[in-house]
Protein chains: 2
Amino acid sequence: MRATVIHAPGDIRVENRPEPEITAPTDAVIRTVATCVCGSDLWSYRGVMPVDEPQPIGHEYVGVVEEVGSEVSGVEPGQFVIGSFVASDNTCPVCRAGYHTSCQHAEWVTGCQAEYVRVPLSEGTLVAVPEQPTEELIPSLLALSDVMGTGWYAAKAAGVRPGATAVVVGDGAVGLCAVIAAKELGAERVIAMSRHESRQKLAREFGATDIITERGDEGVARVKELTDGTGADAVLECVGTQQSMQQALRSTRPGGNVGFVGMPHDVRIDGQELFFSHVGLRGGPAPVRACLPDLIHRVLSGRIDPGRVFDLTLPLDEVAEGYKAMDERRAIKTLLHP
Amino acid sequence: MRATVIHAPGDIRVENRPEPEITAPTDAVIRTVATCVCGSDLWSYRGVMPVDEPQPIGHEYVGVVEEVGSEVSGVEPGQFVIGSFVASDNTCPVCRAGYHTSCQHAEWVTGCQAEYVRVPLSEGTLVAVPEQPTEELIPSLLALSDVMGTGWYAAKAAGVRPGATAVVVGDGAVGLCAVIAAKELGAERVIAMSRHESRQKLAREFGATDIITERGDEGVARVKELTDGTGADAVLECVGTQQSMQQALRSTRPGGNVGFVGMPHDVRIDGQELFFSHVGLRGGPAPVRACLPDLIHRVLSGRIDPGRVFDLTLPLDEVAEGYKAMDERRAIKTLLHP
């Protein structure tokens, strides 16, 4: 099959590789209908995370079940399915508490920028869409496998409630989906921090009521101005740098919450500053599985349209250009058709 | 009046000082009925926090109102009152959200180990006890002005709910009060981490179901053993060191919460570790004012008896011995009678 392999920073290739096979009785193999490039894939593309040897890449997927292992009963060949980037059993105490990405049997799903994907713990990981979706719905369903689920978790972790003022730090695909999530969870005011005109526009269409272009201390000052000097109830941190984390913490009112989903790189939080801020903080890799049924329903019923974050669609063979366009910020997010 | 002054680390003296006066129309002056020494007073006593010049010390008090400023209407001379160590207006948006220690007009109350205390913003800060309490109730009411309120906030910030498993890190007066709070908020299992037999005994009497004597990684391993490998729902961090914070974070299950009330000294939290832990974190100086009415009711009705943390009672003139006994861990907490 055709599959994407990263050889070194900046070196993305499509190669012929063996099709995945069922290796455990709980596996499923799916034929990928659509996949995409994640902001987190850029960490290795940019050399921020090491690439020691060529490795298959990609962790977002929707597709049709081809084959299931002997112990799988909830998932059947022919079903159109979405899954998280972390396989989970959906039965352990951690999954039951809603934190599937910390499942006691968690496994990362990888190599998804390819024609076929093996999904471990498939019964606990995959959620079937009631019927075969139309072509137009594919991007929004694909977005649920990571970015929309992640934006949703950011909003939940930040405690967004009806009437709240929410701030979204980061205008990548996750940040834009976080705007959708804050709006859906009832935020009255959604302040998006963005410097890019096209992203500002999409943020507004997704429900942002205010845009702040300043960053750092100036950005914090602008949030305070917009909130009578108090700070926001909920801040959704969707970047993962020291600066973005500080900006998030300092934009939050005492007693408010930061939900952080930008994977932290060299982020240190000062205990005393956090103490005196009275801000609550929760982050992590989003337990996408927990919200998939709800989000699938919202997409199918037309309430949300997160697929609009894909502003570049390419055949899988042109995946290298998909990475390049995102790296150069010419594209928010690239959808790939195998 | 007689008042306690710290001159340098280890140098605590009682001196004659002028009685405090009403300086703002929102002030009250109270005659102290009882005051005490806080674990946080030991930071300067031990030289961990600098003492640049002689300064009055102490921030816990109960007493009788002597005089109020011209703008005070909710507090009257003759009332027996309890107040927080931070004065608050009780009307700003931050107070209305329940975070009085971050009040937009907050002022620290200090110099309370003395015969009289000036309390700023007295109407928003002081809560009157319905009638003059009996002698036996004084210690428990005094405990509400800081340690019991702080233990309560730790439990609230850690999200203790009925049926929860809670861990308390720290067996000082705050940690022991945190045991009471976890129990009162319905925790089914309360695990106290303590190495001191007398404190273990009190923790059990306050509601602890299990005692762990190990610290650090071994302590974490013991918590995991007691929770089927998952970790606790709620961890109440009542120390404030790097080790205690790490112990707290690593003892919590994914999706659980740490409430931290030990004032952090050189504590750094690694963003990536916090991220992958899925643990929620909130701390801060306890907004004691928010819970005073509830806690006064619990003391008066005999539900809780936090005054038992005072295992040494001295006249104010012997305050130096009160500090020494706590510093040498001969006493948990010293009550002072002016």
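The contact between the two chains draws 38 residues from chain B and 38 residues from chain A, where contact means heavy atoms within 4.5 Å. This is a predicted model, in which local features need pLDDT of at least 70 and side-chain atom pairs count only at pLDDT 80 or more, while totals for chains, interfaces and linings use all residues. Residues are numbered from 1 along each chain as its sequence is written, chains are lettered from A and ligands numbered from 1 in the order in which they are written, and side-chain values use heavy atoms, with hydrogens and water left out.

The size of an interface is often given as the accessible area lost when the parts come together. Chain B and chain A bury about 3,100 Å² between them, 62% of it on carbon and sulfur atoms; buried area is here the accessible area (1.4 Å probe) that two parts lose on being put together, summed over both. Phe275(B), His278(B) and Arg282(B) supply 23% of the area that chain B buries against chain A, more than any other three residues.

How are the two copies arranged relative to each other? A rotation of 180 degrees with 0.0 Å of shift along its axis superposes chain B on chain A, with an RMSD of 0.0 Å, the superposition being by least squares on the C-alpha atoms of residues with pLDDT of at least 70 in both copies. The two copies are thus related as by a two-fold rotation axis. Because 100% of the interface residues of chain B are also interface residues in chain A, the copies meet through the same surface.

Turning to the polar side of this interface, 24 residue pairs are in polar contact between chain B and chain A, both residues at pLDDT 80 or more. A polar contact is a pair of N or O atoms within 3.5 Å; within protein, one must be able to donate a hydrogen and the other to accept it, and residues adjacent in sequence count only if both atoms are side-chain atoms. The elements of chain B that give two or more residues to the side touching chain A are helix 2 (93-96), strand 15 (252-260), strand 16 (268-270), helix 10 (271-277) and strand 17 (280-283); helices (H or I, at least four residues) and strands (E, at least two) are DSSP runs, numbered from the N terminus. Strand 15 of chain B provides the largest share of that side, six residues. By class, the side of chain B that touches chain A has 20 nonpolar, 14 polar and four charged residues, with Ala, Val, Leu, Ile, Met, Phe, Trp, Tyr, Cys and Pro counted as nonpolar, Asp, Glu, Lys and Arg as charged, and the others, Gly among them, as polar.

Within chain B, the side chains of Glu66(B) and Arg31(B) form another salt bridge (3.7 Å, N to O). This pair links distant parts of the chain, with Glu66(B) in strand 5 (residues 61-68) and Arg31(B) in strand 3 (residues 28-36), 35 residues apart.

In chain B, three strands form an open antiparallel sheet in the order 2-1-4.

Terms used. Salt bridge = Lys/Arg side-chain N within 4 Å of Asp/Glu carboxyl O. Pairing = 2+ DSSP bridges.
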